[in-house]
Amino acid sequence: MKPTNIFDPNYFHKVVDCQWACPAHTPVPEYIRLIAQERYTEAYMLNWDSNVFPGVLGRTCDRPCEPACRRVRTEENPVAICRLKRVAADNKGDIAAYLPKVPAQKNGRKIALIGGGPASLAVARDLLPLGYEIDLFDKDPAGGGMMRSQIPAFRLPEEVLDEEVNLILDMGVNAHFNHEVTSMKEMLDKNYDAYFVGTGAPKGRDLELPGRAEVGPHIHIGIEWLASVAFGHIDSIEGKVIVMGGGNTAMDCCRTALRLGAESVSVVVRSAFDVMKASDWEKEDAMNEGIPIINNHPPKAYVHENGKLKGVLFDKVEAIKGDDGRYTYEPTGEEVFMECDHVLMAIGQDNHCPWIERDVGIEFDKWDCPVLDEETLQSDNPKVFFGGDSAFGPENIIWASAHAHKAAISIHLFCQGKDLKADRPPEGVNLLSTKMGVHEWAYDSNHDPSARHLVPHADPAKALSDVKLEVELGFDRALGAKEAQRCLNCDVQTVFSEKLCIECDACVDICPMDCISFTENAEEDVLRNLLTAPASNKEQDLYVSEDLKTGRVMVKDEDVCLHCGLCAERCPTNAWDMQRSVVHVPQLGSYSAG
Amino acid sequence: MTFVTKPRVHHPRLPVNEIGLTRRDYEGSVSTLCAGCGHDSVSAAIVQACANLSIPPHQFAKLSGIGCSSKTPSYFLNKSHGFNSVHGRMPSVATGANLANRELYCIGVSGDGDSASIGLGQFAHIVRRRINMLYVVDNNGTYGLTKGQFSATNDKGSTSKRGVPNLYDPIDLVSMALQLGASFVARSFSGDKKQLVPLIQAGLKHKGMAFIDVISPCVAFNNHNGSTKSYEYVRGHTQPVVGADYIPESEEITADYAPGTTEDVKMPDGSMLRLHKIDDDYDPHDRVKALNYVQSRQAQGEVVTGLLYMEEDPMDCHDILRTVEKPLNALQDDVLCPGGDALAGINESYR
């Protein structure tokens, strides 16, 4: 293999599995260290910079970082990254001094943001410090989009959401709430310098089964029903409730229904339990509240009598797991009738932009998603950019933040008449030694073997009687400090200098995880099997040195390295050094950029 | 010296041996030697060899004297028996341990000072008595603990860190061991675990005195340009003659060598040692030729490594003394003191 280029910004970025997995590339280990130092405000701002809504995300994020966490590979359970984010948000001090300054003198460019959800708000935050004038339009009475209308208050308290939404609105957004945009053409006629569409995926799917027309009033589209609850239009539901669907919306629907007085609630899913789209923790929370999840039951028909819903008829199928891990479903011939008074339909949502005329130069694909450049998020109409769920279909909040940063850069370049690709700021990486003394490092290198700490929950009886009472209490400072110790500091990298190495094997002998080998070089597939411990996880890179004096190379398997620094401690010549890698993901208007 | 403790967690796919232990179960505490010390690699090789042999850790006795080398038994096999004795007196203690319990695997770790200076007499006699043990010398040619004086194995003309040459001829422990009747003699290099680990395995399974001289550079005092025991010098001057692969009884022989150059030696427990000669003319079963070879190469400035000599039908001290099969420390009073009648019988035999 060729020697590894550690100055490629992606190389060490990939080693920081959590940051790499995060769509917004939040520098997770760095903010966890700040939490460990009780510097909650700085930890919060580091988050705010990357993902814009730390308080919201610390409660509701889909957490792609956690399955990626190295602890999953070295032990079993990841660091509770999401809950640590909340610790930063809950304990932060006054952030005013850290916020980017918005100039009074505007730059003369006007941008329209359509939709007031996370994507649009994040674009506003990125552009305002550069002097842009921002007009935001949303059909709802308050900002936040789906964060407000679809996430129940028992998961995300209103005051947390208000705080982070208002922080951005108060930077000087001209917000037009209760203002539904019904024509893109009209908007384009207003001659803004650029447009950002962040209207989400607002159309909840319905299911056309026999009897659907007759039982109309008893079937509710999940996200619409949740929005009505959020805005206070619905405050109760009576009788037996069936929630159809296996995603996070289904989990929110069933738990909300239980709190609004339903006699019984069950979730019925057509597929198997482990392929349900809902996050594991959301399934757990629902089940812990006593809600049964019934899998492998595709619905067949609504059963009704005199226009009143009696229940739903399901087929029962058998899920057979193939060698490739995929399920196929065999009919069993058995039919199951479940009695109910209401059905909440949470089987997915679609993009839906009927208000964008199809002759304004914006192309749509067959799924009704706009045709976009993935890097710039620009549509075929060069003035119009998309982000969040409205760009590529339903994702989650953290993707909205990630899209927004990209789109803001594109809009900024576009307004300056620059090329959206060639002139894009590059990614970069800095490496800073953490060596402070012979055996002292600027990070806590000691490995903490503790198991993941559990988050305390509110008293179940109280929680189920109040739709606004937050269920998860979050870590307090002490528990947060303990959990922070579990982070392996994957951003403190093992950096190897060939010229200094005397090939004494000290690092090989001390490495607790058998990551380091000195061996003859070979092609990657061969090399992976020549190492002290075979490197079978091909998703993780091998760090290969230049040729050493003996003609061998140093090969380090990045897979299960604990970043404990013992290789550097035992190295007599400082050929190993522990260096903090700081990845620079280009972004506008960040607090660290001033 | 390292202050953070070595994490207990290990590689999720670390192999387990026949008794269900990983290599990590054969480790000791974290070394307090200088970073980069060759001795730590020797300890790591011992850990690996013992794990490969699937011997339960409590069946080992590790013995040492004084010096950097003699600290190392703390850094391997922390679930075994151990005795850190007086300077140069490890052989006495090892002799006692082996006589008392012949079933223990004795590992003596000594250094060039401990064995070639203060303990030279003890070294000579334990070899002569053919105690069944593995005797490892971590040989760095210097007194590291007292800051770098020449030891008795330091080559004439080799310089100190400050450039002063050594005026005396070295003691070559390999030649001495050959002369004094060791039945297994090898030399290796701490920086070459591929060679060292099978030698340690073979030495542990060998019945009789197995002596391995391991050149183990002292990073702090003897790893400079004028040294003949530095990593660089040894790498440039080693001359492997006979490589050895240890093949446990349970394993099929799959290693493939050019015909005519390999020889399989059966070990007492049914396992196999496969020797592959790098130099066709070398005979690892001829003590006199081996001695000649080692010394003539040495005169040319070469360091001969590998399995240098192995007796084909070795005897150990217990064979010579014709002791009972059962370990002496396990004999009960009724056997040890057979009573008046037996004494009378013995006395009668002398009349």
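Q: What kind of model is it?
A: It is a predicted model.

Q: How many helices and strands does chain A have?
A: The secondary structure of chain A consists of 22 helices and 23 strands. With a radius of gyration of 26 Å, close to the 25 Å from the globule rule for 594 residues, chain A is as compact as a globular protein of that length.

Q: And what box do its C-alpha atoms fill?
A: Along the principal axes, the C-alpha atoms of chain A occupy a box of roughly 90 × 65 × 45 Å.

Q: How much of chain A is buried?
A: Of the 594 residues in chain A, 59% are buried. As for its contacts between residues at least 6 apart in sequence, 71% join residues at least 24 apart.

Q: Let us take helix α3 of chain A. Is it mostly covered or mostly open?
A: Helix α3, residues 28-36 of chain A, is mostly covered, with eight of its nine residues buried.

Q: What follows α3(A)?
A: The helix is followed by A:E38, which has a positive phi, near 60°.

Q: Changing topic: where does A:I168 lie, and is it buried or exposed?
A: A:I168 is in helix α11, residues 158-169 of chain A. Its relative accessible area is 0%, and A:I168 is therefore buried.

Q: Which residues does A:I168 touch?
A: Apart from neighbours within four places in sequence, A:I168 is in contact with A:V52, A:F53, A:L121, A:A124, A:R125, A:L128 and A:V173.

Q: How does helix α9 of chain A pack on α11(A)?
A: Helix α9, residues 118-127 of chain A, packs on α11(A) at an angle of about 45°, with the axes 9 Å apart. That angle makes α9(A) oblique to α11(A). The crossing of the two helices is left-handed.

Q: Which residues make that contact?
A: On α9(A) they are A:L121, A:A124 and A:R125, and on α11(A) they are A:V165, A:I168 and A:L169. By class, this contact has five nonpolar residues, no polar residues and one charged residue.

Q: What about α14 and α15 of chain A: at what angle do they cross?
A: The axes of α14 (residues 248-259) and α15 (residues 280-288) of chain A come within 10 Å and cross at roughly 20°. Angles under 35 degrees count as roughly parallel, and α14(A) and α15(A) are therefore roughly parallel to each other. The crossing in which α14(A) passes α15(A) is left-handed.

Q: Which residues meet there?
A: A:N248, A:M251, A:D252, A:C254 and A:R255 of α14(A) meet A:E282, A:K283, A:D285 and A:A286 of α15(A). The residues of this contact comprise three nonpolar, one polar and five charged.

Q: Finally, chain B. Where is B:S54, and what is its phi?
A: B:S54 lies in the loop between α1 (38-52) and β1 (60-64) of chain B. Its phi is positive, about 55°, although B:S54 is not a glycine. At 11% relative accessibility, B:S54 counts as buried.

Q: And B:L77?
A: B:L77 is in the loop between α2 (68-71) and β2 (81-84) of chain B. B:L77 is not a glycine, yet its phi is positive at about 50°. With a relative accessibility of 1%, B:L77 counts as buried.

Technical notes: Residues are numbered from 1 along each chain as its sequence is written. Chains are lettered from A and ligands numbered from 1 in the order in which they are written. This is a predicted model: local features need pLDDT of at least 70, side-chain atom pairs count only at pLDDT 80 or more; totals for chains, interfaces and linings use all residues. Side-chain values use heavy atoms; hydrogens and water are left out. Axes are lines fitted to C-alpha atoms, for helices over the stretch in contact, and angles run from 0 to 180 degrees between N-to-C directions. Helices (H or I, at least four residues) and strands (E, at least two) are DSSP runs, numbered from the N terminus. Angles under 35 degrees count as roughly parallel, over 145 as roughly antiparallel, 65 to 115 as roughly perpendicular and the rest as oblique. A crossing is left-handed if the near helix is turned anticlockwise from the far one by less than a right angle, and right-handed if clockwise. Contact means heavy atoms within 4.5 Å. Ala, Val, Leu, Ile, Met, Phe, Trp, Tyr, Cys and Pro count as nonpolar, Asp, Glu, Lys and Arg as charged, and the others, Gly among them, as polar. The radius of gyration is taken over C-alpha atoms; the globule rule is 2.2 Å times the number of residues to the power 0.38. Buried means under 20% relative accessible area, exposed over 50%, partly exposed in between (1.4 Å probe, protein chains only).
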